[in-house]
Amino acid sequence: MTLRDLRPGESGTILGFEPSAAINRLMEMGMVPGSQVQVVRLAPFGDPIDLRVRDYHLSIRKSEAALIRISRHEG
Amino acid sequence: MRVALCGNPNVGKTTLFNQLTGLRQRVANFPGVTVERKAGTLAGAPHVEVIDLPGTYSLTPRSVDERIAYEVLVGRLEEEPDVVVCVLDAGNLERNLYVVTQVIDLGLPVIVALNMMDVAEENGLAVDASALEKDLGVPVVPITASRGEGIDELKGCILNPPEPAQVYRWQLMDAVDAKIPALIKQLAEEAPHVKPMHLRMEVLRALAEEETLDAWRLEAPEFVNCIVVLQEEFAKRGVAWRHAEVSGRYAWIGPIAQRVSHRFRGPATLSDRIDAVFTHRVAGPLCFLLILVCVFEAVFSWAIPAMDLIEAGVAALAGGVRSVLPAGWVTDLLTDGIITGVGNVVVFLPQILLLFFFLGIMEDSGYMARSAFIMDRLMKRVGLSGGSVLPLLSSYACAIPGIMAARTLDSERDRLITIMVAPLMSCSARLPVYTLFIAAFLPTGKLLGVFGYQGLAMFSMYMMGTIMAFVAAAILKRVVFKGPESYFVMELPPYRRPRLRQLFWRIYQRSRVFAVRAGKIILGCSIVLWFLASFPRTETSPEATQIEEQAIQERNREYAAAQALTPGTDLAVAADSVALTDSTLAHALDLTARADAKYAAALDSANIVRQSTQIRGSAIGYLGCILEPVMQPLGFDWKISAGLVSAFAAREVIISTLGIIYSVGDAEGGVALRDALKADRYPDGRPVFTPLVAMSLLVFFVFALQCMSTLAIARRETNTWRWPIVMWFYMTALAYLASLLVYQGGQLLGLS
């Protein structure tokens, strides 16, 4: 599953990426395989999304979220 | 000695810079680009220069701002700094440390300034600076820049810089690490100019980034070959080479950050609670709209008293100069050309200052990022991203700061599109033109008893420009800047209280840059325009002479009639006597006073006739006449055309030009000019200005790019004349077509 499939409040661990120009930027911002990420909320018009990663807020579009493979944390 | 401050955006670099340098700073531009180069000398150590670099998340630059930071640090833009102070937000160590590890690898002496210790503490986070120092291997100085704490320690550290790091402390995954030495050797052979300390970084960048690899293709083809072969081999073996560097760095940073920071209380939620409102599904967009409305209301209504004051001051100055200097063309040039021309720019400063102030608050508080977050979905639809919101909003004040603000955009394509459409947002220079024509030609009534027609017209001017900006962006993206979708990755920084002192200082610097740059251009244009309007000289105007002669005769006749009432008394003498007991005498004097007033009025109109004869015969009148056939379909006569020629330099100049043409002085939006416009007739008696002509002209101003400063800044920001030229042509064509549509369509509908 990808980060796009997470609902607000859910979190997961990053497993890997689909190739894209955005990936290098995302990784520099701290989203590397193994890091934890939580979807905080969606923007008012449904896109982009507000993530919590490495203890700060990062905003990315759903189209980028769909490039990030994750495993969902249960519970 | 030179010290560079570097670090992520929003970590208090500028606050620290101000603390280190006091007010001894210069704001200039980096050579070739308009990115601000803020430099100053260290307080108490004048031989140390401190440079504030633009914020950057990594040394793999993506935006123009980041490229500047990178190029200064590797010594490509200017000599590399002797010491680098990396500023960190103590509350966000992991991401902040990433760029620090890259800077350390450059082989420069690095000092870490651990900023915002107070905020971290308030949020329940304690950071152990000495533990961090031990783990990183570079000096770490805890500071709270906003309160000036730790600044002296940091200064001491800068004056006794550490040795540069000699070893790489982080681990690249073994499979990749094993291949690096061979690649370094290869690159060093083919590109001997690369500094030995930078070789490893260049290799890693080329490995991870397609663009960087492509850039080497010409200079180091064998090196590129090696990398391509290696990438294929990695792919076959399942080695995640693309993540190697970033993962390696974070694998080192993560545990360090865990070790040195200690959470003694759950994270503060104030910022999250604010966000629950500001980015709420319903409340968020409403707040955004409300803030916009308030800001624009404030910008336009608060500025008016100051603008009136400036106008009065400029008029008084011109009048004063005129009364002191002898009459002649030099005095005319000074008063009508230079003082009025410069006054035309200065009068916008209050609005621009206010807009800078509000945008500054939005930026510093962190709200600007939220506005991008809210608006991204809508902006994306027209081919822009949330990041374009700030540049486009700034363009409502002036396209120049707007175009400059586009530098923060990651995607070069988004940046170009934003620059190309920013001048369509109605800037404050259009405002006086809107005001004049709307006040003169639109009814004062209210629609449905609520919305004034004039206010609605003003609002629709702004809407027209804004909507067209979006349409133009969508077209540009689909037709001109085709390519894959750009991405949107943006930090939502925690909300912070803006620091007013710092804000005012920045506003002062920015508006000074604006006033000087725009002022120079407008000063030059005003002088040129004044010459164009004043030469060639038309010395005689038979019409005016006739009016004058008639006036003299009439006055003599009326004087004689008055004199006949009171034979034996010299009226000229009696006028000065105080006691007026004789009612006949009083009546006679009254008659002469009226005759004098009539005479003065006649002389004025003779003067107006003479000046407009002058304008008609001048170079600008000539240009207007040449353009008239082209502009006639839009409803414009030669006078408006001449005004449009002059407005190419700067929009508001049309008002002073029309003022000169109609010889009514050029107090902006002045009642005299308004009346003169309404009274003007074609030879056949038709009015020159009808509400329809006014609408057509207004629409022309909404779309046309009449601003040399905008073209100049677009040239600098895009580094080519191509885009400014395209911009000028598409906007002028748009303006012409839209005006044509309004005027011809209006006529078909039977409007006038």
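The model is predicted, so local features need pLDDT of at least 70 and side-chain atom pairs count only at pLDDT 80 or more, while totals for chains, interfaces and linings use all residues. Residues are numbered from 1 along each chain as its sequence is written, with chains lettered from A and ligands numbered from 1 in the order in which they are written.

**Stop 1: chain A**

Select chain A and colour by secondary structure. You will find two helices and five strands (DSSP runs numbered from the N terminus: H or I of at least four residues for helices, E of at least two for strands). Starting at the N terminus, their order is β-α-β-β-β-α-β.

**Stop 2: where chain A meets chain B**

Now show both chains. The contact takes 29 residues from chain A and 31 residues from chain B, where two residues are in contact if their C-beta atoms, placed from the backbone, lie within 7 Å. On the chain A side, select helix 1 (22–28), strand 4 (56–60) and helix 2 (62–65), the elements that give two or more residues. Helix 1 of chain A provides the largest share, six residues.

**Stop 3: helices 3 and 12 of chain B**

Select residues 93–105 and 244–260 of chain B, which are helix 3 and helix 12. They pack at an angle of about 130°, with axes 9 Å apart; axes are lines fitted to C-alpha atoms over the stretch in contact, and angles run from 0 to 180 degrees between N-to-C directions. That makes helix 3 of chain B oblique to helix 12 of chain B (angles under 35 degrees count as roughly parallel, over 145 as roughly antiparallel, 65 to 115 as roughly perpendicular and the rest as oblique). To see the contact, show side chains including B:L97 and B:Y98 in helix 3 of chain B, and B:W252 and B:I253 in helix 12 of chain B.

**Stop 4: helices 8 and 11 of chain B**

Finally, select helix 8 (residues 180–190) and helix 11 (residues 221–237) of chain B, which pack at about 160° with their axes 8 Å apart. That makes helix 8 of chain B roughly antiparallel to helix 11 of chain B. Display B:L183, B:Q186, B:L187 and B:E190 from helix 8 of chain B against B:E222, B:F223, B:C226 and B:I227 from helix 11 of chain B.
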